[in-house]
Amino acid sequence: MSSDHAQSAERFATVTGAAARPSSVETPFLELLARGASADDYEQPVLLAHADGRPAGLIAGLEHAKALALRVRAEAEGRRRREAELSALFETAHDLAGLRDLDAVLRAIVQRARSLLGTDVAYLSLNDPARGDTCLRVTEGSVAARFQQLRPGTGEGLGGLVTQTARPYVTDDYFEDDRFQHTPTIDSGVRDEGLVAILGVPLMAGHRVVGVLFAADRRARVFEREQIALLGSFAALAAVAIDTTNLLTETRSALAGLERANEIIQDRSRVIERASDVHDRLAELVLRGGGGHDVAAAVSQVLDGIVEFTETDATPTSALEASRAEGHAVRHQDDWIAAVAVGGELLGALVLRGHPGLDPVDQRTLERAAMVTSLLLLARRSAAEAEQRVRGELLDDLLDARDRDPRLLRERASRLDADLDATHVVLAAGLDGTAADADQEAAARSRLRSAASHLAGTRHGLAAARDGGTVLLLPLDLGDTATDLARRTVGLLGAAVHEAVTVGASAPVEKPAARPDAVAAAYEEGRRCLDTLRLSGRTGDGADAEDFGFLGLLLAGDRDIGGFVERTIGQVVRYDERRGTELLHTLDAYFACGMSPARTKDDLHVHVNTVAQRLERVGRLLGEDWQEPGRALEVQLALKLRRLAGLGWR
């Protein structure tokens, strides 16, 4: 071997890990993942293999391993990005809880907004009613003096559109967007700053827009709906902090100028202290990651009453819609209702019971609590959707990619608190109700997927949407059978979606991480059991193959059931189809009556000679030995299988 070739072989072995483990093409990519290499570095092992003339099979294996590693890298980067966004949001709530100076509050708002969306620039404008315009109070990442000194008039620019509509607006290309009023002054400032894509979110104090929070990039960018909703919820919490800070500022001014109005000042101080207490309690809940019921319990103590978080279907519709439209808590009989919403979606309501005479401060407290509840529910939903997606992807890999590395599958499962070395059962679940239209059917399937994902999370299993239904991989408890698990799943999913659910179960699968092919086969078995439950009229039930007796032998394997039916009674089927006769129906009644022509004629309400003639015709079609025990059993089995297949007698 030449010196150059030896050096090339040594270099390839170093990159691919061949010196340590000759058969492992994944090693170089695992090392790249471990050290956080860039995406371009993943091409190096393949390029070196080509340069050294490695076998095509090895190069193909390296290409496959590279694709898998890049997918893992992308998923890890996405998860880190989501964690960073939530961390920035919670840090913002923590900072706001301790701030009392308005300028410090505004600086924190802008800094966190820029960090939250990862934009080039962030800035905040506040309305100036005295001058009839707005001013850029704080900027972060800005480099242009003209931009920082802008004072847009009312209704001018993108901020004017946000202020007028009280809704978020986003433009992918500022200078090509004609939905808002352009002015030479604003356009010059934006051009100096080099901004292209801009997102603006209103800061609301009750139903009034007091300012606009912006996030902008110097390149074309599409802001996702989740980013807009998350920034909107952040802006709502920031508006609460601004409002509270303004109240404190007003109080300090009042104390300096109204010393003789001691009684009024003391009352105002109590109001502010109460608002500050509410703000601190709600900020603490945000930091702890509480839920709607936690917020209700905290506000109950402050308002000295009973506050409940209710679902949308348990809240008076007219009051709920009025609260969402007005942005305020509204009175309903002796209760007060504050809508909990994210964007245009209603998530529920905070209901204060038995307080018909609510003062404005307490009303605002209830409204602020509803805003914080929206933020918490949105954060929980984002986390739940991310976990649901990861669980579904892992189960899809088990079902589709049978050459997955068992070690990587175990590692991914362990991060989801699932043990793929335990015995599991594959469950195929489907809805049995009839939807009025396609939208209702899609909504029902979505509810089933959500319920299955929640069940998989609580049972340390996996769930995914598949073939118009849902598939679950759940661990089998000691002493349980697959049918027990299927029926328990029927009850849990049915109660969650309020519809009948049917579940077919596979035989237990041991160590699914090491046997992905067995998981795929088990899914097919579960699907066959699901179909058989429906065809046999057992909707809303759960079972595995053993629950069907002798039919289970056919359901548990890859059997050619159609071919068996064709070989056994195919001639009789075709004879009935051609001539419109009742030979199949007569055969079924004949066996059901113990092969007695006399009882058969009573069951069919025909003359005994008619029965005899039909059986004679069957004999000519199937052969004279069709009533022998062995042949008769095959004929009965074929009849039963054809009926389960839903083909009827014609």
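Start by selecting P597, T600, K601 and L604 in α21, together with V608, V611 and R614 in α22: these residues meet across the two helices. Contact here means heavy atoms within 4.5 Å, and helices (H or I, at least four residues) and strands (E, at least two) are DSSP runs numbered from the N terminus. By type, the residues of this contact divide into four nonpolar, one polar and two charged. For that count, Ala, Val, Leu, Ile, Met, Phe, Trp, Tyr, Cys and Pro are nonpolar, Asp, Glu, Lys and Arg are charged, and the others, Gly among them, are polar.

Before going on, note that this is a predicted model, in which local features need pLDDT of at least 70 and side-chain atom pairs count only at pLDDT 80 or more, while totals for chains, interfaces and linings use all residues. Residues are numbered from 1 along each chain as its sequence is written, and side-chain values use heavy atoms, with hydrogens and water left out.

Now show α21 (residues 597–604) and α22 as cartoons. They pack at an angle of about 110°, with their axes 8 Å apart, which makes α21 roughly perpendicular to α22. Axes are lines fitted to C-alpha atoms, for helices over the stretch in contact, and angles run from 0 to 180 degrees between N-to-C directions; 65 to 115 degrees counts as roughly perpendicular.

From α20, L583, T586, L587 and Y590 meet R614, L615, R617, V618 and L621 in α22. Six nonpolar, one polar and two charged residues make up this contact.

Next, select L106, I109, L124, L203, L213 and L231. These have the most contacts inside the largest nonpolar core, which has 28 residues. Such a core is a set of buried Ala, Val, Leu, Ile, Met, Phe, Trp, Tyr and Cys residues joined through side-chain atoms within 4.5 Å; buried means under 20% relative accessible area, exposed over 50%, partly exposed in between (1.4 Å probe, protein chains only). The largest share, eight residues, comes from α5.

Centre on L213. Among the residues it touches are I109, L124, L203, L231 and F234.

Last, go to A297 in helix α11 (residues 292–303). At 43% relative accessibility, A297 counts as partly exposed. A C-alpha to C-alpha distance from A297 to F309 comes to 9.1 Å.

Methods:
Angles under 35 degrees count as roughly parallel, over 145 as roughly antiparallel, 65 to 115 as roughly perpendicular and the rest as oblique. Lists of a residue's contacts leave out its neighbours within four places in sequence.
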